[in-house]
Amino acid sequence: MSSPVITEPAARAVDLVKVHGEGETAVRALDGVDLDLPAGRLTAVMGASGSGKSTLLHCLAGLDTPTSGTVLLGDVDLGRLSDTALTRIRRERLGFVFQAFNLVPTLTARENILLPSRLAGTRPEPAWLELVIDAVGLADRLGHRPAQLSGGQQQRVAVARALAGRPEVIFADEPTGNLDSRTGLGVLRLLRESVDTLGQTVVMVTHDPKAAGWADGTVVLADGRVV
Amino acid sequence: MVTFALQTAWRRKRRLAGTLVAVALGVAFVAATLVVGASARAGFHHTYLTANAGIDAYVRSSEELTGGAENTRPPLPASVVDTVAAVDGVRAARARVEGEAALAGAGDRPATVAEGWIDVPELTPWRLADGHPPAAPGEVVIDRALAREGGLGVGDHVTVLVPEPVPATVVGIATFGDEDSRADANLVAFTTAEAQRLLLGSPDQVSAVAVAGDDGVSQADLADRIGAVLPDGAEAVTGARLTAEQQAEVEGDLVDGLELGLGAFAFVALVVAAFGIVNTFTILAAQRVRESALLRAIGASRRQVLAAAVVEAPLVGLAGSLLGVALGVVLASGLLAATAAIGFPLPTDGLVIAPADVALALAVGVAVTVAGALPAAWRASRTAPVAALREVAVGDARPSRLRLLAGGAALVAGLLAVLMAGGGALGAAALGAVLLLAGLVLLGPAAVRPVCTLLGAPLAARRVAGDLGARNAVRNPRRSAATAGALLVGVGVVSLFTVFGASATRSVDDAVTRSFAADLALTPAPGGLDVAPDVVDRVAVLPEVAAAAGVGRGPAVLAGRQDELAFADLAGLGNVLDLDVAEGDLAAAAPGGLAVSTAYADERGWQRGDRVAVGFPDGTTERLDLAATYDNESVVGAAVVDRDTWAAHASQPRFELAIVKLAPGMHLDDGRATVEAAIAGPEAAAVRDRDGLVGAEVAEVRGVVNVIYALLVVAVVIALMGIANTLSLSLHERTRELGLLRALGQTRAQLRAMVRWESVLLAAFGTAGGTALGVFLGWGIVRAVDARADIATFALPVLPLAAVVAAGLLVGVVAGIVPARRAARLPVLDALGDQ
C-alpha cells in the first residue's frame with residue numbers, strides 16, 4: 001500500500017540529544033538521533049524499555065525540549081519557539097493518542113473530540129467531523145462521559161479527537177498498551193485507515209512487534225540511538 | 001514508629017501548611033480571648049486591691065439602686081462617722097464623699113471622680129506627690145495623669161464642673177499608689193466639707209465611711225462590732241468583701257461582655273477553619289490510601305502505616321495551636337492597647353498568660369483538628385482499597401437520602417423557627433439560625449450542581465476556560481460544598497452585621513423622627529458631663545427660643561421594682577416632644593406626680609389615679625399620683641416625674657438631653673449660633689440639629705460595627721486560605737489531567753484562567769448562600785428583638801450588601817491565584833507521567 005513517492009518529511013529530528021539529570025546521575029535518553037518521518041505514512045518507533053522511544057516522541061511533539069539538536073515540524077524549528085507557541089502548535093497542527101488517561105473526565109465524548117479546537121478558538125469542518133466520527137464508529141456514544149465508555153471506546157474517542165483537527169502529524173504513544181488484543185486490533189485498524197483513506201501521517205511508539213506490523217516503516221531505538 | 005510518622009508528616013508539610021495556618025488563626029482568637037479576660041480581671045483586681053488596701057471595714061447604706069446605668073447607694077447621715085469612730089477596735093474612721101465631676105480642659109480622660117480628701121493614708125490609695133492637701137474651699141488636689149494631660153501644676157487655676165462650673169486652685173498632685181492615676185477614673189479632691197456641699201448637696205451627709213481597725217482585730221470581727229451600733233438603713237462590710245463586690249460589678253459590666261464578644265469571634269473563626277480542615281484531610285486521605293499501599297508493598301508494617309495516619313492530625317493540630325497561642329498573645333496585647341485608645345481603658349499589669357489558659361487553647365486547637373480529620377478517617381476506613389487506586393472519579397456518590405431528608409428537615413425547621421420568633425424570642429431566632437446553617441451544610445452538595453451551573457452559565461457559553469472551570473467546580477459536589485462552606489459562614493456573618501448596622505441606624509433615625517418635634521438638641525460634650533439644668537434654663541429664656549426642656553434619668557424603685565426613672569420639666573415638655581399622651585395631662589403630673597407609658601402601666605397593672613410608692617436615690621420614698629399615661633417611650637422611657645420632684649431627692653441632677661424649639665420664623669443656623677453663644681463656657685454642651693443628633697448616635701453604632709468588621713476580616717481570610725488550600729490539593733490530584741490538557745494545546749494562561757474560574761465559582765456559591773442566610777437571619781433577629789430595644793426597624797442596605805458580594809467574589813479570585821500559578825508552572829511531561 002505504500003507507494004514510493006518522494007515528498008517532504010512531515011517531521012525531522014537532527015542529531016537529537018536528551019540528557020536527564022547531571023553529573024554522575026546523568027542519563028542520555030537520546031544520544032544523537034537523526035530521523036526523517038515520511039508524510040502520509042504510519043511509522044512505528046520500537047525499542048525496549050529505556051531505549052528512548054518515548055523521549056523521542058515527546059521531543060518530536062514539542063512536549064519536551066532536547067538538550068541539543070533540532071526538531072523540525074514541516075519547516076518550523078521547534079527549538080526556537082516559546083512554550084505558548086509550542087502549545088499552539090500542538091493544538092493546531094498535531095494530534096495525540098496516549099496509552100491511558102486520554103480523555104478529560106468532566107467532558108462527554110463529543111466535547112473531548114472538540115476540545116483541541118475549542119482551546120484554539122476554532123471549530124472543525126462539520127463535514128470532516130462527521131466523517132471522522134463515522135470512521136471511528138462512535139455516533140451513538142457521543143453524549144457519554146469517559147466513565148461510561150470501555151477502554152477501547154475511550155481510545156477510539158482519542159483517535160477521533162486526534163483526527164478532528166486535520167493535524168499534520170498524529171503521535172500515538174503505546175495506543176494499544178492497555179487494551180486486549182481484539183480491541184487493540186480495532187484501534188490499529190483505525191490508525192491504518194486514517195493513513196490510507198484520509199492521508200494522515202501517524203507516528204506510533206510501541207513495544208509490540210505485532211502492532212509494528214501495521215506500520216509502513218519501523219524505526220528501532222536502543223540506548224538512545226537508531227539501530 | 002513515631003519517627004516514621006513525623007517523617008511522613010514532614011514530607012507532606014506543604015499540603016498540611018494551609019491547615020496549620022487555619023488552626024493557628026482560630027486558636028489565636030481563643031488564646032486572645034482568654035488572655036484578655038485574665039489580664040483585665042487581674043488588672044481590675046490590682047486596681048481595687050490598691051484602692052481598698054488599708055480599708056478593714058466599710059460602712060454604707062444597705063439599700064442599693066440597680067435600675068440605672070450604674071449601681072448607686074443612698075448617702076448616710078454624717079453623724080454615722082462619729083458613731084463608728086467610737087467603736088472599740090476602730091483605729092480611724094473617715095467620711096467618704098464621692099460624686100462625678102469633670103475638669104474643664106482636661107481632654108479625653110475618663111470619667112473623673114470627685115472626692116473629699118482623706119488624710120489617713122490607710123484609708124485612701126491616693127498619695128500626695130506634690131504640694132499639700134486641700135484645706136479651704138476652692139482648693140483641689142488632682143492626680144498626676146490629669147496634671148500631665150492638662151499641663152497643670154501646683155498653683156494653677158482650673159474650673160471643675162459638678163456640673164456647674166466651680167473655680168478652684170490646684171494645691172496638690174496625687175498618685176494612685178505608684179501610678180499616675182487609676183486606669184478607669186481620675187481624681188479631683190476637695191476638702192470633705194466642700195465635697196459634701198458640691199457633690200451631695202448637704203453638709204450633713206456622707207457617701208460612706210471608710211474604717212481602719214486596730215492590729216489584732218479581724219475584718220469580720222470589726223464589721224460585726226460596727227454593725228451593732230449602726231442605725232437602720234446602714235450596714236458594715238469587710239474590706240475584702242468590698243473589693244470582691246467592686247470587682248464582680250466591673251467584670252459583669254465590662255470584662256464579661258468583652259470575653260463574650262471575643263469568644264464569639266473565636267467560635268466563628270474555628271468554625272470557618274473547621275471547614276478547611278475537614279476538606280484537607282478528606283483529600284489527603286484519598287492520597288494516603290495509595291501511598292500506604294505502596295509503603296506496605298515495600299515493607300512498612302501495618303502498624304507503622306496506621307500510626308502515621310493517626311498521628312498526623314493531632315500533630316498538625318498541636319503545631320498549629322502552638323503557633324496560634326503565640327499569635328493570640330500578640331493579638332491580646334494589641335486588643336488591650338486598642339481598648340485604651342477608644343476610651344475603655346482596661347487596667348493591666350501587663351499580660352496574664354496562665355498555664356491553664358494556654359493548655360485550654362492548645363486543647364481546643366488539637367480537638368478541632370482531630371474532629372476535622374475524623375469524617376475523612378471514618379470514610380477511608382470503609383473504602384475498599386481498590387476503589388482508591390482508580391483515577392479520581394467524577395462526581396461523588398450521590399448524597400444519601402438520609403442526608404437530604406435531614407438537611408431538608410433542618411432547613412424547614414430553621415425557617416419556621418426564625419419566622420415565628422417575634423417580639424423578644426431571641427432564643428428561638430438563635431436556634432433557627434443554627435438549624436438553618438446545619439440544613440445548608442447538609443444540603444450543600446446537592447445544591448452545588450444546579451447553583452454552580454446557573455451561576456457559571458454566562459461564562460461557560462463564551463470561554464472554554466470558563467466552561468472547564470465550571471465543570472471542575474461541580475465534579476465533586478461534596479468537596480465543593482465543603483470548600484464553599486467556610487466562605488458561606490464568613491459572608492453570612494458579615495452580611496448579618498451589615499444588616500444589623502443598617503437596621504440600627506434606621507431605628508435611631510426613626511426614633512428621633514418620631515419624637516423630635518423640635519429644632520435643636522443639647523447633648524453632653526464629648527468627655528464632659530451631662531447637661532446642667534441651669535444651662536437649659538438659660539437657653540429657655542432666650543428670645544430666639546420658643547421652648548426648651550431637658551430630660552435626665554436615674555435609678556429608682558417603682559413600687560418595689562428597681563427601674564430607671566426619667567425626670568424633666570413636665571410643664572414645658574409637651575412643647576418640644578410629642579409623647580403621644582393617652583390619658584391625663586402631663587402638666588397635671590408636674591407637682592409631685594408620676595407619668596408612665598401605657599405599656600408599662602399595663603405591665604404593672606396600674607391605672608391613672610393610683611398612688612405609687614417611689615424610692616429615690618437618697619433613700620427616701622414618696623407616694624406619687626399616677627397623673628398621666630403616654631404611648632411614646634422613645635426619649636423619656638417608661639416612667640417620668642417632674643424635675644423638681646427629682647431634685648428634692650437627688651444631688652447633682654443633670655440632663656442627658658435638652659430639646660430646644662426655636663421661635664417661629666427663626667432660621668436654624670441663626671438659632672444655633674445664638675444658643676451656642678448663650679451656653680459658651682468650659683465644657684459647654686454640644687448643640688446639634690436633628691441630623692446631627694442622629695449622626696452622633698449612629699456614630700456609636702458605626703464604631704462598634706467597624707470593630708466587628710475588623711475581626712470578621714480574619715474569618716474571611718481563613719475562608720480564603722481554605723479555598724486556596726483545597727484548590728491546590730484538588731489540582732494536585734488532577735495532575736495527569738492537567739498534563740493532558742497542556743499536551744492537547746491548553747496554554748499556561750488558559751490553564752490559569754480555568755483554575756481561577758473554578759475558584760470564583762466556588763466563592764460565588766458560598767457568597768450566594770452566605771448573603772441569603774445573613775440577610776434572612778438579620779431580618780429574623782431584628783423582628784425577634786424586643787420592640788422597645790434600640791434596633792427595632794429592619795433596613796436592607798443594598799449597596800453595602802452588594803459590596804459584600806463583590807468582596808466574596810474577590811476572595812474567589814485571590815484564592816485562585818497561587819494554585820493557578822503553581823498548576824501552570826508544572827512541566828507538561830512531569831504532569832503526564834505523574835503516578
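Predicted model: local features only at pLDDT ≥ 70, side-chain atom pairs only at ≥ 80, totals over all residues.
A disulfide is a covalent bond between the sulfur atoms of two cysteines, and the count rests on a cut-off of 2.5 Å between cysteine sulfur atoms. Two cysteines may be described by their accessibility. A:Cys59 has a relative accessibility of 1% and therefore counts as buried, the limit for that class being under 20%. B:Cys452, at 2% relative accessibility, likewise counts as buried.

In chain A, an open sheet is built from 4 strands in the order β2-β1-β4-β5, with antiparallel pairing. The edges of this sheet are formed by β2 (27-37) and β5 of chain A; each has a single partner strand, so one side of each is left without a neighbour in the sheet. Helix α1 of chain A, residues 53-60, packs on the sheet and touches β1, β2 and β4 of chain A. The direction of this helix makes about 60° with that of β2(A).

The pairing of individual strands can be followed from β1(A) to β5(A). Strand β1 (residues 11-20) of chain A and strand β4 (residues 68-73) of chain A run antiparallel and are joined by 5 bridges. Within this pair, A:Arg12 stands opposite A:Leu72 of β4(A). Strand β4(A) is also joined to strand β5 (residues 76-77) of chain A, again in antiparallel fashion, through 2 bridges. A:Leu72 has A:Asp77 as its bridge partner in β5(A). The strands β4(A) and β5(A) form a hairpin with 2 residues between them. In the turn of this hairpin, A:Gly74 has a positive phi of about 65°.

A helix pair is also present in chain A. The axes of helix α3 (residues 109-120) and helix α5 (residues 151-164) of chain A come within 7 Å and cross at roughly 35°. The crossing of α3(A) past α5(A) is right-handed. On the α3(A) side the contact is made by A:Ala109, A:Asn112, A:Ile113 and A:Pro116, and on the α5(A) side by A:Val157, A:Ala160, A:Arg161 and A:Ala164. By class, this contact between α3(A) and α5(A) has 6 nonpolar, 1 polar and 1 charged residues.

Chain B contains 25 helices and 23 strands. The C-alpha trace of chain B spans about 95 × 70 × 50 Å along its principal axes. Of the 835 residues in chain B, 50% are buried. Among contacts in chain B with a separation of 6 or more, 82% are accounted for by residues 24 or more positions apart.

One loop residue of chain B was examined individually. B:Pro653 lies in the loop between α19 (643-647) and β22 (657-662) of chain B. With a relative accessible area of 24%, B:Pro653 is partly exposed, because this class lies between the limits of 20% and 50%. Leaving aside residues up to four places away in sequence, B:Pro653 touches B:Pro533, B:Phe567, B:Trp646 and B:Ala647. B:Thr598 is 55 residues from B:Pro653 along the chain, and the C-alpha atoms of the two residues are separated by 26 Å.

Note on methods:
Residues numbered from 1 in each chain as written. Chains lettered and ligands numbered in written order. Heavy atoms only, no water. Buried < 20%, exposed > 50% of the residue type's maximum accessible area, 1.4 Å probe, protein only. Axes fitted to C-alpha atoms, helices over the stretch in contact; angles between N-to-C directions. Left-handed = near helix turned anticlockwise from the far one by under 90°. Contact = heavy atoms within 4.5 Å. Nonpolar A, V, L, I, M, F, W, Y, C, P; charged D, E, K, R; others polar. Pairing = 2+ DSSP bridges.
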